[in-house]
Amino acid sequence: MTKKLLRALAGETLPTPPIWMMRQAGRYLPEYRATRAKAGDFLTLCYTPDLAAEVTLQPIRRYGFDAAILFADILLVPQALGVDLWFAEGEGPRLSTVTTPGEVAALKPAEAIHEPLAPVYETVRILARELPDETALIGFAGAPWTVATYMIAGRGTPDQGPAHALKAADRATFDALLARLTAATIEYLSAQIEAGAEVVKLFDSWAGSLSGADFEACAVAPAREIITALKGRHPEVPVIAFPREAGAGYAGFARATGADCVALDNSVSPEWAAAQVQVDGCVQGNLAPGHMVTGGQKLVDETRAIVRAFSGGPHIFNLGHGITPDADPGNVALMVETVRESRSAS
Ligand code: CP3
């Protein structure tokens, strides 16, 4: 029996959608906090295969999600390319910046990432062995634009201002950085697949700040290049693309890039997305993560409405973005139960 997530990704309309959750291994879970404390810090957790596999498995044990997502971070790739990376407690990521032609040229070649990222591939191998038969294993990487926004600014930014400024001031350097990241991402995702990932997801968390020709050049084109290369090497492995907050840009994104599924944030209505995006294949999403904090009947109603809106085609239930640390684990259980009972109730 093929795994439910893989059936949806292959285009099947199922009686109830498979479900998993972005950031499902995370600080809202007491067992995550305990393992994170044992590791000492976030990056050590990412680079210790036994512990990274353990936190990946925790939400599967608790909720029986249809997919596990590898525990790692999109910023491990710039670190493997030679950038300094650290997490300032409570402040998010910090990186040494890459903004000049010399700094881009000094990045290591794409193939050099495999040695520092070997522990991540080992985590994938452990998970491929230990996951229940019905649970699919998702690998992932950040999309070039999103990763570049962190490398250019040296940190997360509300409007990706520094990356937009470099794009305007020195397009050649900016393009060279995106090209380096595109090549490294192809290498990284291929290696995850070879280690046992059955699906890969490309996170373009800041795609929403790109418009017009920039959206095409910085979000669509790199995704197409990555997906084309992956399909050449591993034609059977489905790809989920998440151009977060792309709005109208979600329409046609799968056709333009070759993605098997487009993940939707909660700023688009499921009715709109069913008509404009799901017509091209599987979609994933898109409950507002805030419901995992507030819960109650609104969570149930909203979950049912999303399942219903997407019930005419292939759908993977998920949040519109990652679950937040203040979420109540009981609300996650309520969401899972509601999704699994949804079709009989509608
Ligand atoms: O989804 C999962 O459960 C898989 C693991 C995963 C993490 N980060 C673990 C993590 C994935 C897929 C990511 C992706 C990621 N990382 C993105 C893209 C998706 C998105 O959320 O938009 C981005 C932009 C990052 C970069 C990053 N990593 C930031 C900005 C932060 C700090 C934010 C925060 O909540 O503190 C991280 C840290 C991080 N990555 C945590 C986790 C569980 C929290 C770390 C901790 O335990 O303190």
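Reader: How many cavities of 30 Å³ or more are there by this rule?

Author: Rolling a probe the size of a water molecule over the atoms shows where empty space is left. This is a predicted model, where local features need pLDDT of at least 70 and side-chain atom pairs count only at pLDDT 80 or more, while totals for chains, interfaces and linings use all residues. Residues are numbered from 1 along each chain as its sequence is written, and side-chain values use heavy atoms, leaving out hydrogens and water. A cavity is a set of points on a 1 Å grid over the protein atoms alone where a 1.4 Å probe fits but cannot get out. Points are joined across faces, edges and corners, and a volume is the space filled by probe spheres set on them. Here the count comes to 2 cavities of 30 Å³ or more.

Reader: Which residues line the second largest cavity?

Author: Lining residues have an atom within 4 Å of a point. For this cavity, of about 50 Å³, they are Ala143, Leu202, Asp204, Ala219, Ala223, Ala241, Phe242, Pro243 and Phe253. Two or more residues each come from β5 (199–204), α11 (212–233) and β6 (239–243), with the largest share, 3 residues, from β6. Helices (H or I, at least four residues) and strands (E, at least two) are DSSP runs, numbered from the N terminus.

Reader: How many of the lining residues are nonpolar, polar or charged?

Author: Ala, Val, Leu, Ile, Met, Phe, Trp, Tyr, Cys and Pro count as nonpolar, Asp, Glu, Lys and Arg as charged, and the others, Gly among them, as polar. The lining of the second largest cavity has 8 nonpolar, no polar and 1 charged.

Terms used: 1 Å grid on protein atoms, 1.4 Å probe; cavity = no way out; pocket = protein on both sides within 12 Å on 5 of 7 lines; lining within 4 Å.
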